[in-house]
Amino acid sequence: MDHTWQDIVAMAMRFPEVVSSTSYGTPSLTVRGKLFARLRTEKDSPYQLMLRCDPEQKDFLLQTGDPAFGTEPHYHGYPAIFVRLDLIDRDRLADLIEDAWRERAPVRVRKAWDGAGLQHGSSR
């Protein structure tokens, strides 16, 4: 279950206009210049990935008590969830990456993707 950054990039690159970049000196993914995923390299944290999400989704994931998800005080109120890559299965991670992309992609890009019949989870 231990996923690599390359696995995350491969899952994300199926979406339109995704670009591999850097943020805070670490690998990241953007759509139209908007960050939606970032590899975390902080040694004092068990969470290896930051994904953008809406605040309700963040609250829900944290309330499940699933140890794969977390946050840190600096990120309270920020629409992002931290993920432990050693505790999450591939399908759930792929869904969260798609959610993060949708959260940041412009409406026109999302509509084009959905119009192509490739919406949420259909290519897995």
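Two strands count as paired if DSSP finds at least two bridges between them, with helices (H or I, at least four residues) and strands (E, at least two) taken as DSSP runs numbered from the N terminus. The model is a predicted one, in which local features need pLDDT of at least 70 and side-chain atom pairs pLDDT 80 or more, while totals for chains, interfaces and linings use all residues. Residues are numbered from 1 along each chain as its sequence is written, and side-chain values use heavy atoms, leaving out hydrogens and water.

Strand 3 has antiparallel partners in strand 2 (residues 26–31), through 4 bridges, and in strand 4 (residues 49–52), through 3 bridges. Arg 38 sits opposite Ser 28 and also opposite Met 50. Of the 6 residues of strand 3 (residues 34–39), 5 are buried, so the strand is largely enclosed by the rest of the structure; buried here means under 20% relative accessible area with a 1.4 Å probe, protein chains only.

Then there is Arg 104, which belongs to helix 3. Arg 104 is buried but has no salt bridge, Glu 103 being the nearest side chain of opposite charge at 6.9 Å; a salt bridge would need a side-chain nitrogen of Lys or Arg within 4 Å of a carboxyl oxygen of Asp or Glu. What Arg 104 does have is a side-chain polar atom 3.0 Å from the backbone oxygen of Leu 35. Leaving aside residues up to four places away in sequence, Arg 104 touches Val 31, Lys 34, Leu 35, Phe 36 and Arg 52 (heavy atoms within 4.5 Å).

How values were computed. Buried < 20%, exposed > 50% of the residue type's maximum accessible area, 1.4 Å probe, protein only. Lys, Arg positive; Asp, Glu negative; His and termini not counted. Polar contact = N/O pair within 3.5 Å; in protein donor to acceptor, adjacent residues only side chain to side chain.
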